[in-house]
Amino acid sequence: MKIAVLGYGTIGSGVVEVLERNGESIAKRAGEEITVKYVLDLREFPGSPIEDMLVHEFSTIAEDEEVGCVVETMGGIEPAYSYVKECLLRGKSVCTSNKALVAKHGAELLEIARQKKINFLFEASVGGGIPIIRPLNQSLTSEEILEITGIVNGTTNYILTKMSQEGATFEAALKEAQDLGYAERNPEADVEGHDAGRKLAILASLSYGMQVDFEDIYMEGITKITDTDFKYAEVLGAEIKLLAQGKKVEDKFYAMVTPKMIREDNPLYSVRGVFNSILVKGNTLGDVMFYGSGAGKLPTASAVVADVIDATKHWGTNITTIWSSKKLALSDHKEAESGFFVRVPEAEEAKAREVFGEVEEVKLSAAAGVVGEFAFLTKKMSEKAFEEKAAKVTVLNRIRTEWTAE
Ligand code: HSE
């Protein structure tokens, strides 16, 4: 199998490295040797091991019939979309780590691959090195998926962990995550929840077999979470995590990315640092959880290479993936229900009690060492009901909770 790599950035160079390091066992598992014939990049890499394979024209790869599989690690929609589509139409399998591309055009690209009896594979687009796409497509096909909840952004989980464990500032933790190569080129995509939103669009589309549009997902990032919130979280025995959640509640579907407080009874509680994890609830299986390195060069590249091996093993046959281009109608996020942790000025305690009714508080601010505030936990309520009540008091901050006092 001769392959080409589009984009020699962090992941693309990782793919070349994994193929080099594990070449012998990869050949055994794939049934044949996998060699990189071309690397496409605009830049020059003098003295590097890919110097002789480097090309600057996509057409060199597209027109070479010897290339059976193309790895796309450029990121972004264009020109990645045009290149990937052309490769598939020319009968080349494609393996990609590009979540923006998969979230937007996954259904169409899968359909082309099906017609051409080749494969469009994207294990690395969600959860980096964690197997989640293949399990959803192959191992969990007997299940009705009731809920899929993931910590799917390494950068934000790294930041929240540093803030929780070391009292680090948001800025310092973000800088570290960027230095370690976890963050997106524009870290706004990480901290505003958009990267997690794209991954959720993919997970929810695969879970429900229909198109979930990124644009329809309600997203809140972590920029409003402060060190004071973490003081309260500690008292509550909670962690604050950016959760990407897809849920089916009766006949309604919800998809949201929001920071939430979770307690030790939640399996995602101990997912720390750059690690990612995805918890799937099936109607007959119950809970199953996937955990591992969700970002970074080699873990992500490992998942891409596993796809290349799969594409090689399945040469001439399409691995069925159910993802129709028909749009799944998501319900308004304002109907979604959760509990809320709320902070108001101390002077508004009586008002807050009156507005929210029965609340759980156990002297939270005193225990957290926060002066001048009244903090409490609400019962389970819809976002809409919460907003109506919150408008009547001065909410300093509020964070949804996964557990609720019934
Ligand atoms: N910026 C992403 C993250 C990279 O932090 O998880 C992996 O998709």
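How do the residues of the shell around the ligand divide into nonpolar, polar and charged? The shell holds three nonpolar, four polar and five charged residues, where Ala, Val, Leu, Ile, Met, Phe, Trp, Tyr, Cys and Pro count as nonpolar, Asp, Glu, Lys and Arg as charged, and the others, Gly among them, as polar. The model is predicted: local features need pLDDT of at least 70, side-chain atom pairs count only at pLDDT 80 or more, and totals for chains, interfaces and linings use all residues. Residues are numbered from 1 along each chain as its sequence is written, and side-chain values use heavy atoms, with hydrogens and water left out.

**Ligand site**
- Around the ligand (a heavy atom within 4 Å) are K99, N153, G154, T155, Y182, A183, E184, D190, D195, K199, G294 and A295.
- Helix 7 (154-166) and helix 10 (194-208) each supply at least two residues of this shell; helices (H or I, at least four residues) and strands (E, at least two) are DSSP runs, numbered from the N terminus.

**Distances to the ligand**
- A ligand nitrogen is 2.7 Å from an N or O atom in the side chain of D190.
- Ligand oxygen atoms lie 2.8 Å from a polar side-chain atom of K199 and 3.5 Å from a side-chain N or O atom of N153.
- Of the 260 Å² of accessible area that the ligand has on its own, the protein covers 90% (Shrake-Rupley method, 1.4 Å probe).

**Domains**
- The domain assignment, automatic or from a database, gives domain 1 (2-128 + 297-326), domain 2 (135-293) and domain 3 (337-401).
- Between the C-alpha centres of domain 1 and domain 3 the distance is 50 Å.

**Backbone details**
- E78 and P79 are joined by a cis peptide bond with omega about 10°, and P79 lies in the loop between strand 4 (67-72) and helix 4 (80-89).
- K117, a residue other than glycine, has a positive phi near 55°; K117 is in the loop between helix 5 (99-116) and strand 6 (120-121).

Note on methods: A polar contact is a pair of N or O atoms within 3.5 Å; within protein, one must be able to donate a hydrogen and the other to accept it, and residues adjacent in sequence count only if both atoms are side-chain atoms.
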